[in-house]
Amino acid sequence: MAKRFVTCVHLSFRWKWTEFRRISAVAQVRPKGAAAQSNTKRTIMNLRKGKTLLLVCCVVLAMAALAAPAFAQTSQTCLQNEYNIGNGAAVGSTASSLALNCTANDVRIAEVTNIRDPLTGATLTSCIQGARFNFIADFEIVTSSDKPRENIGLYVATSSTTQALTGSCVDNIISTAHQCPGAASGISCGSDNYHETDAAPDNCGDTSKNDLSGTFGAAAQRVTLEIDNFLCVPPAGQNTLVLPNCTSWQIPGGTIQCVAASPDFPYPFNTNGQPEAIPGTKSKCNCGVIPLAITVQTPQVTVAKTCNTATTTGTGHTSCDLQPEGGDVTYTVDITNTSNFGTVVVDQICDSAYGTIFQVTGFTGPSCATGTVGSKTGTTCTALTIAQNTDQSCTFTATQAEDLTVDNIVKVSGHGSSNGTFGPSASNQVEVTSHEAATTGTITKTFVGNTAGCATVRYSVEVKNTSATGTDEILNLSAFNDIAFGSITTVHGGVLGTTCGVASGSPGLGSLSGSTGAGALPTTISVNGGTYTCRFDGQFCSALDASGCFTHSNTVSATLTGDENEVVSLTPGTLNLKECLSGSVQ
């Protein structure tokens, strides 16, 4: 035996008659006894008259497979569905013998005007994509037949954009003026030209070519209807709604009694749960799709993101450089309202690298993901209110480390001024690249003072024969010697150049190559003031004293003989030099 469990539910709720009769009507398709039918009728009427239903029910659910209950198909309330029930068939029957062809064109819904909010009576011009809403409107019912068309049924599809034969419909009749059941007090439904051809108690309104509407003129009635639970979805590629609809009628001599209960005058069913305002034959109906002047609001935005750094200045950059070692980046977020109408309000801005940039208090959408790099350091972003086809901007700042590339986008979420939400809408990607500063150093050299010095001195040497006049004491010069430099006739050591001992007419040696030799040695120096003169460059080095000076003393001597080869007495040539150095930085 299948296991069972029992759930008891205590419910207190308001149940509209037009809702309950759907369940009852489909259930009544199955044959019942007279007593059951009578009880059903009483139950329906009691529900219709009552304002609040207190229901205590115990539902027995079997865990074994059970057949679907009859009320599972209550969404099938359009013209073909009602016709099926009226002919004792299943609500969703597709039997060809019952298929309506609706070839007649006697009665039709020509247009819908004066669309209003049932709760306020205010003009209704927009709805939110994908939402369901209620409205009241004036329907122009046009009749082309001279003879009455009776028990008119009006069917408006609430979930389709193409047809009202099958599926979910709001069903109505033409009734006398009365308070709209779901509207604010004083808002009336019904016809401005109500008339009834059949005898009482029949009260399902009739039409004819002789109708005269104060709103729509000849051959028409203005029938005000309340349409509930209408789906705000336009046909593909459009942003204005349409109204799929059907009308049905019966002709004189072929009518069935059609009685709608006062004061709301809902679409009527007989005691067997069969609809009464159905087509008299399969052709006595007309279906079409007409415009419904309600614009679908689809809040939407486009988002642009740019960057700015100390290195990359100006506006409009989507790639920025950050020198030399990272630093602050300013991001600008520009949001354009591209909705088909109305303003939008920004509720949240998220950045892929820096997480939450802005979120309004009470925002119920998903939170921003944690930033992959860090967090913002500041922002001007708030709950921006942006008019249609305009834009607004805000900024936020972040600090980026050195030697790093950050690619990031923002996503913006919000809502439309009327209702509806948008987002998260993503921006373009922005790239910011920071660098590692070059590793550098300096070396500085300064002048402290001179501690030692060298000097190159050009010396002049002269050998003079000072023998008395009238003597024959010539001098024979064969060599020179300096106690500091040694021989001064060749270039060596401290002797950098010389003309001494260099043949006349020949260039000097070393640093004195630009001068002419003083004469080769040995040479004779005549009496009575004869001379031999030469030069040499000598270089010497020494530590400096406290004054930055150093001294150098040297004596030069010559190798001389007389005319008889005797040794000649020679006074040595001694020279003392003091060199002083001073340094400065150029």
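User: Two strands pair if DSSP finds at least two bridges between them. Which residue in E26 is the bridge partner of Thr405?

Analyst: This is a predicted model, where local features need pLDDT of at least 70, side-chain atom pairs count only at pLDDT 80 or more, and totals for chains, interfaces and linings use all residues. Residues are numbered from 1 along each chain as its sequence is written, and side-chain values use heavy atoms, without hydrogens or water. Strands (E, at least two residues) and helices (H or I, at least four) are DSSP runs numbered from the N terminus, and 4 bridges join the antiparallel strands E23 (405-408) and E26 (430-434). Within E26, Thr405 is bridged to Thr433.

User: Which side chains of E23 point to the buried face?

Analyst: Buried means under 20% relative accessible area, exposed over 50%, and partly exposed in between (1.4 Å probe, protein chains only). Side chains alternate along E23.

User: Which side chain makes a polar contact with the side chain of Asn408?

Analyst: Asn408 is buried, at 1% relative accessible area. Its contacts (heavy atoms within 4.5 Å) beyond four places in sequence include Tyr331, Asp351 and Gln429. A polar contact is a pair of N or O atoms within 3.5 Å; within protein, one must be able to donate a hydrogen and the other to accept it, and residues adjacent in sequence count only if both atoms are side-chain atoms. At 3.4 Å, the partner of Asn408 is Lys305.

User: How far apart in sequence are the parts tied together by Asp106 and Arg149?

Analyst: A salt bridge is a side-chain nitrogen of Lys or Arg within 4 Å of a carboxyl oxygen of Asp or Glu. Asp106 and Arg149 form one, with their closest N and O atoms 2.7 Å apart. Asp106 lies in the loop between H3 and E3, and Arg149 in the loop between E5 and E6, so the separation is 43 residues.

User: Arg458 and Asp537 also meet in a salt bridge. What is the relative accessibility of Asp537?

Analyst: The N to O distance of this pair is 2.6 Å. Arg458 lies in E27 and Asp537 in E32, so the pair ties together parts 79 residues apart in sequence. Arg458 counts as partly exposed at 48%. Asp537 counts as buried, at 4%.

User: Which peptide bond within residues 423 and 424 is cis, and what is its omega?

Analyst: Most residues other than glycine have a negative phi, and most peptide bonds are trans. Pro424 is found in strand E25. The bond from Gly423 to Pro424 is cis, with omega near 5 degrees.

User: What is the phi of Ala219?

Analyst: Ala219 lies in the loop between E11 and E12. It is buried, at 15% relative accessible area. It is not a glycine, yet its phi is positive, at about 60 degrees.

User: Over which residues does pLDDT stay under 50?

Analyst: pLDDT is the predictor's confidence in each residue, from 0 to 100. The chain averages 86, and 87% of the residues score at least 70. Where pLDDT is low, the predicted coordinates should not be read in detail. The stretch under 50 is residues 1-74.
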